[in-house]
Amino acid sequence: FYRNNVGGTATVVEVLNAHDIKAFVFSSTAAVYGIPGAAALLTEDTPPSPINPYGASKLNAEQMLQSADSANGLKSVCLRYFNACGADEDGEIGEEHEPETHLIPLALNAVKNGARLKLFGTDYATPDGSAIRDYIHVSDLADAHVAALRYLLDGGDSATLNLGTGRGHSVREVISAVARITNHPPAFDEVDRRPGDPAVLVADPGRARALIGFDPVRSTELDVIVKNAWDWMNTHRDKAMR
């Protein structure tokens, strides 16, 4: 993580400076916040306190970009993603990790392959006892990158923006959405919480809305996100078998 997010960013910044490029959009993460307090929504003014190397290395890169602005006038927008998910609406590009760790593809894989999903934690202080997260469609994230770059090219100053919806969904709600879209409820086991997992992580996207016109239209319905991911998974698997 440090090699990629800190060392890699430092190399890119050096090249930008060498070619007198003054606009840069950085993909950051809500992991910089760590385990937040009791605030209902996380704003960009919430003090960062990462609890893992991934979040810490992203925060280091953000701080590096602040220094690059002061030293060389490189303007940047740091986009703090919340839970990126979904797939291209045409089914051409989607999400696949090895190993897979994200909830929606894991739940869909449970339906597709008969694997069992793990529900980590059932005793959180949430309406149904499972953790709540802010799910943002990957195509809305792509639009935000374009909008952020246009903002910088129009003379905008450096900024840090949360990319989320302001609305959270629980793990159980995601499982229910998967069941609706696939017509097959994924099998799952209830297991203990994972260390460090907060009960709720939901963004306040107001600053992104005001500054770059961010409007996550595809992210407003969980079923849309799940359907796009399911369509891609079926298209991708079909192509892989041909």
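Which way, right-handed or left-handed, does α1 pass α2 in their crossing? Point 2 gives the answer.

1. **Basis.** This is a predicted model, in which local features need pLDDT of at least 70, side-chain atom pairs count only at pLDDT 80 or more, and totals for chains, interfaces and linings use all residues. Residues are numbered from 1 along each chain as its sequence is written, and side-chain values use heavy atoms, with hydrogens and water left out. Helices (H or I, at least four residues) and strands (E, at least two) are DSSP runs, numbered from the N terminus.

2. **Helices α1 and α2.** Two packed helices are described by the angle between their axes and the distance between the axes. Axes are lines fitted to C-alpha atoms, for helices over the stretch in contact, and angles run from 0 to 180 degrees between N-to-C directions. The axes of α1 (residues 2-18) and α2 come within 8 Å and cross at roughly 20°. The two helices are therefore roughly parallel to each other. Angles under 35 degrees count as roughly parallel, over 145 as roughly antiparallel, 65 to 115 as roughly perpendicular and the rest as oblique. α1 passes α2 in a right-handed crossing. A crossing is right-handed if the near helix is turned clockwise from the far one by less than a right angle, and left-handed if anticlockwise. Contact means heavy atoms within 4.5 Å. Among the residues that make it here are Y2, V6 and V13 of α1 and Y54, M64 and L65 of α2.

3. **The sheet.** Three strands form an open sheet in the order β1-β2-β7, with parallel pairing. β1 (23-29) and β7 (159-163) stand at the edges, each with a single partner strand, so one side of each is left without a neighbour in the sheet. The twist averages 20° from one strand to the next. Two strands pair if DSSP finds at least two bridges between them. Seven bridges join β1 to β2 (residues 75-81).

4. Helix α4 (residues 138-153) lies across β1, β2 and β7 and runs at about 160° to β2.

5. **S76.** This residue sits in strand β2. S76 is buried, with a relative accessible area of 5%. Buried means under 20% relative accessible area, exposed over 50%, partly exposed in between (1.4 Å probe, protein chains only). Leaving aside neighbours within four places in sequence, S76 is in contact with residues including F24, L65 and L152.

6. **The largest core.** A nonpolar core is a set of buried Ala, Val, Leu, Ile, Met, Phe, Trp, Tyr and Cys residues joined through side-chain atoms within 4.5 Å. The largest has 25 residues, of which I104, L108, Y135 and V226 touch the most other members. α3 (103-113), β4 (117-120), α5 (171-182) and α7 (222-241) each give two or more residues to this core. The largest share, seven residues, comes from α7. Another core, of 17 residues, lies apart from it and includes L79 and I212.

7. **Helices α3 and α5.** They pack at an angle of about 45°, with their axes 10 Å apart. That makes α3 oblique to α5. α3 passes α5 in a right-handed crossing.

8. **W230.** This residue lies in helix α7. W230 counts as buried, at 14% relative accessibility. W230 and A87 are 143 residues apart in sequence and 8.4 Å apart in space, C-alpha to C-alpha.
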